[in-house]
Amino acid sequence: MAYDGPVMACSVTFHDRIGRDRLVGAVDPLDVERFHELLEAALTETVRAGLDSREVEIELTLCGDAEMTRLNFDHMGERGPTDVLAFPLHEWEIDVGHSHLADDDGFSPPGPLLLGDVAIDVDQAVRQAVEGGWSVAEEIVLLAIHGTLHLLGHDHADSDEERAMRGLEHSVLGVLHRRYREVDWQPGSLFDRAGHVVTAGS
């Protein structure tokens, strides 16, 4: 599928590792096709906010606890599941919240730029949504935005980085709030939630 939004094209390849029935149950009452459209728009708006107008591709994997536990151990050395992991394919430099390919990133072939893979643990997203009092659809969208920003080289290791990342996140959410009014959006962001930790793969 390809989101046909303004400014740029972002192609998202979905990898379903949990099965349609589990996803239907998780994002209800939102229709799964509409949810996929929402996720694709979230990734596209995130890239649009943090990058130039080039065409890009992103792999998005929706998995469960078992697969995320394996990924988290293999790539991060951590035991147990986490909510989202990002696996960027490029080195980036951040300038006032805007990502530019680093000089030593290497040759980029013509055509869409593959940014990498974002993996989201739907089981963990369900738990966090219940704990926070918002919908699972919103939680997964927030994780997708956050993971995509990691693909673009953003991090939250210090206050300046966190401020830039939070600003982009809120900008993207503002667009989605206006466009997808059927989602029961709640105030707040990933960074506003006490104890909420998102890690990035390498």
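How many salt bridges does the structure hold? The count is 12. Hello everyone, and a quick word before we look around: this is a predicted model. I'd like to walk you through a few of those charged pairs, and then stop at one threonine.

Let's start with Glu67. Its salt-bridge partner is Arg17, and the closest N and O atoms of the two are 3.5 Å apart. Where do they sit? Glu67 belongs to helix α3, residues 65-76, while Arg17 is in the loop between β2 (10-16) and α1 (20-27), so this pair ties together parts of the chain that are 50 residues apart in sequence. Arg17 itself is partly exposed, at a relative accessible area of 48%.

Now on to a second pair, Glu182 and Arg34. Their side chains meet in a salt bridge, with 2.4 Å from N to O. Here, too, distant parts of the chain are linked: Arg34 is in helix α2, residues 32-50, and Glu182 is in the segment after α6 (159-179), 148 residues away. Are these two buried, exposed or partly exposed? Glu182 is partly exposed, with a relative accessible area of 42%, and Arg34 is partly exposed as well, at 27%.

Arg48 and Glu45 form a salt bridge at 2.8 Å, N to O. Both residues lie in this helix, 3 residues apart, which is about one turn. Their surroundings are worth a look. Arg48 is partly exposed, with a relative accessible area of 28%, whereas Glu45 is buried, at 2%. The cut-off for buried is under 20%, so Glu45 at 2% falls in that class.

My last stop is Thr46, again in helix α2. Is Thr46 buried or exposed? With 1% relative accessibility, Thr46 counts as buried. And which residues does Thr46 touch, leaving aside its neighbours within four places in sequence? The contacts are Ile145, Thr148, Leu149, Leu152 and Val172.

Terms used
Residues are numbered from 1 along each chain as its sequence is written. This is a predicted model: local features need pLDDT of at least 70, side-chain atom pairs count only at pLDDT 80 or more; totals for chains, interfaces and linings use all residues. Side-chain values use heavy atoms; hydrogens and water are left out. A salt bridge is a side-chain nitrogen of Lys or Arg within 4 Å of a carboxyl oxygen of Asp or Glu. Helices (H or I, at least four residues) and strands (E, at least two) are DSSP runs, numbered from the N terminus. Buried means under 20% relative accessible area, exposed over 50%, partly exposed in between (1.4 Å probe, protein chains only). Contact means heavy atoms within 4.5 Å.
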